[in-house]
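I opened the model today to look up a few side chains and helices. My notes follow in the order I made them.

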Amino acid sequence: MLADADITALDSHLGTIVRENQQHHDNLQNLLSKFQELLESYNSLKSDYEEEKAGRERYKRLARGQFKEHLIKAGSDGGITAARLMHDSIRDLLHDRLGSHADQCRIMVRIYANVLGLSKALARSGLVGNEARSLSPFVANLTSSQDLFDFVDAGDKKEAADYKIREMFRMFADNNQCKHIFFAGCHDAGYLNLLTPYRGRADRLTLLKAAGFHNQYNTLDLPLRELPEVFMSTPFAGVHARESPSQSQIQSQIILPSPSRPVCKHYQKGICRYGSTCIKLHIQPNQQISKVPDDTTSIFDRENSSPSRTHEYYAANLPTTTDPFYGTHVPINKTGERIDTYCAAPSPEARDQYSRRARVHRPCNNFHLAGHCDTIHCEFDHGPIDINSRGVMAHILRQLPCGAGLTCRSMKCFLGHHCQKDGCRGTKCRFNRHAHMLDLHIAKWVPALEKEDVVASSVSDASEEASPVDSDNTFAYSTNDTLS
């Protein structure tokens with residue numbers, strides 16, 4: 001039989017084991033509770049990540065599958081052009097549906113987007129600059145160029161744009177004053193439930209198809225139309241699909257000279273608010289900083305696999321008239337050759353409009369394009385001209401080589417210095433072969449030199465003295481073969 005001391009010792013030992021087990025149990029429960037909190041936090045973060053990822057993909061689809069790339073690339077000018085093309089295209093669709101009654105209708109367009117988020121997505125696609133809200137010039141001019149057009153920044157809150165689109169649709173869907181609705185949100189299947197009550201209502205609703213069209217909208221039995229002048233009809237394979245394969249590969253291998261100033265980290269993140277006025281260096285994150293050997297040849301001269309260039313290529317690579325240096329400076333490449341600003345091809349309607357004007361009285365090239373005409377008693381028209389006709393004049397004359405060639409520095413020169421024709425290979429083209437393979441990378445902007453400046457500075461280079469006012473005005477009024 002155990003002694004009293006042994007029993008007391010065992011009882012004490014048992015109590016210790018019970019207390020240790022209870023402590024172990026409490027520790028385990030605490031650990032499980034913390035693990036549960038960690039798991040919930042993880043699931044919450046994962047959900048936020050998936051929503052953010054879905055949002056980015058939606059903006060990428062918008063960036064690649066909606067407005068034509070050359071329109072977005074053109075910035076503020078592209079916004080004006082997009083609004084005009086959209087208005088004219090919708091007017092034509094209304095005529096097909098309402099006949100002469102369409103003339104009594106006013107066209108209202110509402111576009112909702114997160115401008116900051118969309119700017120970042122477009123910057124990643126190479127369509128706009130990496131400055132914060134770089135899409136704003138396009139947005140502002142699209143809004144201001146037509147009285148009833150609004151491109152609304154819905155902000156960066158989740159589903160803010162979707163909410164506004166739904167409420168705007170509901171407001172007009174059953175409004176008798178609204179004759180017809182053209183719905184262009186078919187890239188997102190989330191609007192199917194909004195449109196399902198109007199299945200088969202072809203008298204009320206038309207779907208607009210673009211590159212990101214979702215096939216489920218075909219089940220609504222609604223008419224389907226396209227605006228090929230404004231929206232992309234097919235998606236691109238990648239963010240740089242508008243460029244040739246050889247150029248896309250070279251783009252990620254560009255080596256820049258060693259900078260004498262620090263690199264702007266905000267630009268690389270797409271949030272630099274200073275733009276071209278920033279005192280820091282703006283380079284892409286995938287660009288390396290190194291010295292370029294003197295014997296390095298132009299990357300464009302090595303594009304043997306890309307013998308021709310398209311309108312999209314020129315729209316993506318040429319500068320525009322919205323550049324802050326434009327007006328007083330001329331862009332040149334590293335070999336000192338002049339680079340023209342992008343000149344979009346006019347629409348057939350604009351060509352017809354110009355032809356009708358020219359048959360009445362031919363507009364003066366020098367007055368309307370160079371800004372002045374020194375000819376006394378000029379036989380050509382100096383009266384006001386609409387922006388479409390002026391664009392046709394500019395496009396025609398850009399296809400005629402400047403006599404001064406690539407050394408021309410005149411801001412008033414309205415002739416071409418290299419080819420911008422879509423898919424031109426140089427066959428039967430007025431420009432020489434080099435003008436089709438010109439290095440379009442801008443090395444710098446140099447001050448413009450007009451004829452008076454050259455004489456005053458005693459520069460004897462004849463190419464610098466070439467003046468655009470010597471051009472034959474009849475170039476702008478050739479037959480339809482020249483216009484095509």
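Is Trp445 buried or exposed? I looked it up in what is a predicted model. Trp445 has a relative accessible area of 15%, and the cut-off for buried is under 20%, so I wrote it down as buried.

**Entry: the partner of Trp445**

I then looked for aromatic pairs and found eight in the structure. One of them joins Phe325 and Trp445, whose rings are stacked, with 5.9 Å from centre to centre and 25° between the planes. Phe325 sits in the loop between α10 (311-317) and β8 (329-332), while Trp445 belongs to strand β9 (residues 444-447). The pair therefore ties together parts that are 120 residues apart in sequence.

**Entry: other rings**

I went on to Phe213 and Tyr217, which also form an aromatic pair. Their arrangement is tilted, at 6.2 Å centre to centre and with 45° between the planes. Both Phe213 and Tyr217 are buried. Elsewhere I noted a cluster in which ring pairs link Phe169, Phe183, Tyr191 and Tyr198.

**Entry: helix α4**

How many of the ten residues of α4 are buried? I found seven, so helix α4, residues 115-124, is mostly covered. The buried residues are Val115, Gly117, Leu118, Ser119, Ala121, Leu122 and Ala123. I looked at the ends next. After α4 comes Gly126, which has a positive phi, near 80°.

**Entry: α3 against α5**

Last, I looked up how two helices pack. Helix α3 covers residues 76-98 and helix α5 covers residues 136-144. Their axes are 7 Å apart, and the packing angle is about 35°. I noted the crossing of α3 and α5 as right-handed.

Which residues of α3 meet α5? On the α3 side I listed Ser76, Gly78, Gly79, Ile80, Ala82 and Ala83. On the α5 side they meet Pro137, Phe138, Asn141 and Leu142. Sorted by class, this contact of α3 with α5 holds six nonpolar residues, four polar ones and no charged ones.

Key: Residues are numbered from 1 along each chain as its sequence is written. This is a predicted model: local features need pLDDT of at least 70, side-chain atom pairs count only at pLDDT 80 or more; totals for chains, interfaces and linings use all residues. Side-chain values use heavy atoms; hydrogens and water are left out. Axes are lines fitted to C-alpha atoms, for helices over the stretch in contact, and angles run from 0 to 180 degrees between N-to-C directions. Helices (H or I, at least four residues) and strands (E, at least two) are DSSP runs, numbered from the N terminus. A crossing is left-handed if the near helix is turned anticlockwise from the far one by less than a right angle, and right-handed if clockwise. Contact means heavy atoms within 4.5 Å. Ala, Val, Leu, Ile, Met, Phe, Trp, Tyr, Cys and Pro count as nonpolar, Asp, Glu, Lys and Arg as charged, and the others, Gly among them, as polar. Buried means under 20% relative accessible area, exposed over 50%, partly exposed in between (1.4 Å probe, protein chains only). Rings of Phe, Tyr and Trp (its six-membered ring) pair if their centres lie within 6.5 Å; planes under 30 degrees apart count as stacked, over 60 as edge-to-face and the rest as tilted.
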